[in-house]
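Colleague: Can you walk me through this one? I would like to start with the terms.

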Amino acid sequence: MAALETPQAFNPWDPAFVADPYPAYEELRARGRVHYYEPTHQWLVPHHADVSALLRDRRLGRTYQHRFTHEDFGRTAPPAEHEPFHVLNDHGMLDLEPPDHTRIRRLVSKAFTPRTVEQLKPYVDRLAGELVAGLVEAGGGDLLTDVAEPLPVAVIAEMLGIPESDRAPLRPWSADICGMYELNPSGETAAKAVRASVEFTEYLRELIEVRRKEPGDDLISGLIAAYDEGDRLTEQEMISTCVLLLNAGHEATVNSTVNGWWALFRHPEQLAALRADHSLIPTAVEELMRYDTPLQLFERWVLDDIEIDGTTIPRGAEIAMLFGSANHDPAVFAAPEELDLARKDNPHISFSAGIHYCIGAPLARIELASSMAALLTHAPTLTLSEEPTRKPNFVIRGLEALRVTL
Ligand code: HEM
């Protein structure tokens, strides 16, 4: 069967598409279940049922390097000068498949169980309260830099045991590395990611040495103990895991917070309902993550041929699952284009599914609910003071700033 032509409206480099990709997704879903997209040589999958099934399908993988060489797989190795980024990235659990993925995820997951992170709630609430108090005292500011960003950065840095005085470069390192997760990254983006990878790696190597001598009550010390006890984690895996936790541990939470508040400001009747009834916070957090999906696309390699709706997708191909589209699929969500903070039946896919399901989901939910509660309680008249500008990125969806007043 011939591949369907991708509608013109789907263009991840077009600011108008990035501003509101949801109409183009609707067209994609209406036109078929799988579309070959020439500019990225990927197969786009827009329906919820397909995305959900593919995330659990073991014929696909985040990597192919556990089974094939680049040549076997019909690909070329990345350029040697990008090596520091790839070494760092390829040893983190997100880019590993079993058995390595299973081994590392098991070690880390103990720190992120719902019960363990629930114990962090008083700390997260206190921090959110302090940050919102600062915003209120100043009479407003930028919700992104004043609240959305410092909260998850501090929480994940605290969990890992990164001293407060060392935290300033974490955000720029993360931003530079995350540039590589956009489609067809430029040479300049790659150069920035390589530089950040070198610096971040060097920093963590030194910190691991310090913690080895003086262990603390933190995740890095825990990983060192696991390493020293049974060689279950190489030093590179330890460094890659820390970088992954630090980056994944704040990037999407920051964006979910500001995307969410911008959606609230555009739906004053929903915001008023939330202000009147804080018991809506848990469903509101889920609905805002569905309504404006913070991570729009995830990729998988096809390790063994699969078939979608009569189209064979061969080994060596790449699939791009459109999370934002899946989250607006009317086959699953009633009135998907409506923001309904009381939505009960909400199986959104924003935290993924299958073996790579977000390990930080319970923590992210606590952070999002905590900052929302603090803002609703202590800044009950919060309003938008300036129309925000979207970041040009498609995959990692965010705002440049969200200026507010009281
Ligand atoms: C709103 C916030 C967040 C969103 C939307 C989000 C989303 C995701 C998604 C979609 C994946 C899987 C990607 C795939 O299947 O290819 C993932 C994986 C992951 N996330 Fe999150 N995440 C969030 C917050 C966090 C936090 C707070 C942490 C803190 C530790 C975290 C750590 C991770 C890790 C380590 C993985 C890799 C899991 C694995 O490969 O087994 N995330 N996240």
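Modeller: Helices (H or I, at least four residues) and strands (E, at least two) are DSSP runs, numbered from the N terminus. This is a predicted model, where local features need pLDDT of at least 70, side-chain atom pairs count only at pLDDT 80 or more, and totals for chains, interfaces and linings use all residues. Residues are numbered from 1 along each chain as its sequence is written, and side-chain values use heavy atoms, with hydrogens and water left out.

Colleague: Where do Arg-31 and Glu-27 lie?

Modeller: Both are in helix α2 (residues 22-31), 4 residues apart, about one turn of the helix. A salt bridge here is a side-chain nitrogen of Lys or Arg within 4 Å of a carboxyl oxygen of Asp or Glu.

Colleague: How many salt bridges does that rule give?

Modeller: The count comes to 23.

Colleague: Which residue forms a salt bridge with Asp-292?

Modeller: Arg-390, with the closest N and O atoms 2.8 Å apart. Asp-292 lies in the loop between α16 (281-291) and β5 (297-302) and Arg-390 in the loop between β9 (383-384) and β10 (403-405), so the pair ties together parts that are 98 residues apart in sequence.

Colleague: Are Asp-292 and Arg-390 buried or exposed?

Modeller: Both are buried (under 20% relative accessible area; exposed is over 50%, partly exposed in between; 1.4 Å probe, protein chains only).

Colleague: New topic: what is the protein donor of the iron atom of the ligand?

Modeller: Cys-358 (SG) is the only one, at 2.3 Å. Donors are N, O and S atoms within 2.8 Å of the metal (3.2 Å for Na, K and Ca); water is not among the atoms, so sites may look incomplete.
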